[in-house]
Every structure is written in structure tokens, then in C-alpha cells.
Amino acid sequence: MTGEPLALYVHWPFCVSKCPYCDFNSHVRSTIDQDAWRDALLADLAHEARLLPGRTLTSIFFGGGTPSLMDPATVEAVIAAARGHWTADEQIEITLEANPNSVETARFADLAAAGVNRVSLGLQSFDDKSLGFLGRAHSAPEGFAALATAQKHFRRTSFDLIYALPGDTEDRWSATLAQALSLGTKHLSLYQLTIEPATRFASMVARREFEPLDADASAALFELTDAMASAAGLPSYEISNHARPGNESRHNLIYWRYGDYAGIGPGAHGRRLGRRTVRHKKPENFLSALARNGHGIAEEALLSPVDGADEALVMGLRLREGVDAQAIAERFGLPAIVDWDRVDRLVSSGHLGRAGARITLTARGRLLLDHILGEIAAIEEPRVLAVG
Ligand code: SF4
């Protein structure tokens, strides 16, 4: 008998330096006590496992930060403990995010031996000038070498690129993307550069040190990306993620389809049996919470049906397969989660597709996701029947 599926996210919060666009929970420290961190992650994992008995583990994702800086023995210990706590699916997907510099690439064989079977490489660009602008700690040749090494050691390899940099043109980006599509990968994450609050780039833009690419030019690059990747057999299955059919990230599909996932490590979010969990972000605070409480949780809350349905709609619409709005409403015991008249108007204007209760974004709609969500979301509270 198999239990309900479960994904596990493990956050490694350390990086060698802070990239100027990054708003992830990443920290630079001169020394890292790998033994202490292994013990902490194992204890945090055991806490989640106690609350989620009998599940079938379908994926593990080591994200960060830079998890390729983890000692492969720590990665192995976490995988072994997870396999001990739960029944692992035969096809379990175990992904690790890696940076493509030579020190980390040298660990790929050990990471594969530790059980990692999929790597997501942060190449970000094929051009040294852009890599310098993005503050990356690797060069373009190191990126290509890392990809070749990863393809040798791991069954599945994905890589990330960032586009819509200041001054990017359709010619320049299409040449980069054509090169990316020729490298034999079956999964690509293609992100537009966005200027996030409280990052170094946000201060630089405020000081007018550079100007981000304007919205129309970014939208044109997004459409070009979709067209080129689809023509090469890697259509998008999520706004920024492209794969040959069957090579989608199973782990990320669990998030977007609103399944349960345990999230451990500093700053990790999780979704456990209708509750949202958030770990302490600062590594030192996480370790002291763990010593005090036996877990690193900073906040845990039961999601109301309205909040749960809203999240499921927001996440699911990112996927090309879209959402079954009726199924979400039933799951959360709500009469409705969308205004169907507005949905139909957006179908007529070419922004949404609809088949029964299933709603999908069209290519045009994908550019306006936030706006469309604001238009259609109409989550009604459960009806309360008067008694007597
Ligand atoms: S390597 Fe990744 S997580 Fe670390 S600072 Fe750069 S973008 Fe952020």
C-alpha cells in the first residue's frame, strides 16, 4: 500500500558571495560547521517526519543558497534519513541546485554517489560581461564545463538562464537561447531579471546607475522565449520553466498542484496537512531555535479554506495545464473560487482558455498573470445554514 505523496525541500542557506539581484535567503559566512549543520537538518527533518507518518516520498529538492557547497556526506545523510522516515517512491526525484564553478563541479561525482539524480545548474548567462553584471562567481567557460560534467554524472540536468538584462535585444537573446537549446538539456528555467526590493540592484536602480529593460521589450523577449523553446520541443509547463514532455520537475509540480511538502532548513516554507510552516531565516537563529525546541519553525498556522483556495488558484494558474476551479472549491468546501462571468469575458478577449471548470492562461494571458488573478478571483466564504 502506498501513502499520500509527499515532497521534501531542504534549504542550505550559504553562498560564497551575494549576487546583487538575489532576494533568496542566502548568507555569506567565513566558516561553516558541516557536522553541526548535518545534525540540525536531521533533527528538523525528524520533527516533520513525526507529524507526517505513512507518506510516500516522491521527491527531495536541495535548494538555497548554494547546496552544491554542502558536504556530499551531509547530502547523503539527509537522503538516507528521509528514506528511513518515509517510503521512497521507486521513481524518486532527488534534485540539487548547483553553481558551476570548478570547486563545486569537482563534487558532482560524490553528490551522484550520495543519491542525487537531478541537478539544476545556475548558469544564468553564456557571456562573461553579463555574468560580471549579475555578480556571478563563475565564468562562461566554467559554466559550459560544469554542464558537461553534470550531464556525465546525473540522469537529469537542468539549467537556469536570466534574460531581459539592461540593453538586451531580441537578436542577442535569441542567439543565447538557440545555443542553450542546442546543449542537449531536457529542462530549462528561463527567468526575466526582476528588480526585487532590498537588493543591491534595487539601490543601484534608485541611484540611476542602470535602467532596467522596459516592460514592452521584456514582454517581447518573453514571447520570443516561448516560441523558440516550443519549436525546439521544450514548451513551457510553467511560466518560467520549459521541458520536453515527461521531463518536468516533479518536485516543483507538487508545489504548483498544491500538494503537501515538508520544508526544512533556514527560511524553508512547507505545507503540511493544511498548515503553513516557515523556518527561522537567519542561520544562527535557526540553530538556536532547533536547540531550544527540537525544530527550526518560526511560524506555523492553519490556513483558512479561503486562504488555501486562493493559494491553490495562484499557484495552479502558473501551470500550462491550469486549474480545475470547481475541484479546488470542493477541496476547500467553498461554493466558488472564481467569478465565471469574468472568466468568460477573459476567454472572449483571448487571455484565458476554458474547458468546463478548467481554466488555463493563453500566451497573451501569461504576460498578465497578476492582473488576471485580481480580475477572476472571487472566493466565497462557506455558506452557513441557519438552524431552528
Ligand atoms: S548564488 Fe543564488 S542564492 Fe546565492 S546569492 Fe547568488 S542568486 Fe542568491
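Student: Which residues touch the most other members of the largest nonpolar core?
Tutor: Of its 79 residues, L8, I60, F62 and L121 do. The largest share of this core, 5 residues, comes from α1. Keep in mind that this is a predicted model, where local features need pLDDT of at least 70, side-chain atom pairs count only at pLDDT 80 or more, and totals for chains, interfaces and linings use all residues. Residues are numbered from 1 along each chain as its sequence is written, and side-chain values use heavy atoms, with hydrogens and water left out.

Student: What makes a set of residues a nonpolar core?
Tutor: Buried Ala, Val, Leu, Ile, Met, Phe, Trp, Tyr and Cys residues have to be joined through side-chain atoms within 4.5 Å. Another core, of 12 residues, lies apart from the largest one, with Y9, L253, Y255 and L319 among them.

Student: Why is S240 called buried?
Tutor: Buried means under 20% relative accessible area, using a 1.4 Å probe and protein chains only. S240 has 12%, so it counts as buried. You'll find S240 in the loop between β7 (236-238) and β8 (241-243).

Student: How do you know that the span of α2 agrees with a helix?
Tutor: The expected span is 1.5 Å times one less than the number of residues. For the 14 residues of α2 (residues 72-85) that gives 20 Å, and the end C-alpha atoms are 20 Å apart, so the two agree.

Student: And what makes the buried residues of α2 line one face?
Tutor: Seen down the axis, they fall within an arc of 160 degrees, so they line one face of the helix; the arc is that of the directions from the helix axis to the C-beta atoms. Those buried residues are P72, T74, V75, V78, I79 and A82.

Terms used:
Helix = DSSP H or I, 4+ residues; strand = E, 2+ residues; numbered from the N terminus. Buried < 20%, exposed > 50% of the residue type's maximum accessible area, 1.4 Å probe, protein only.
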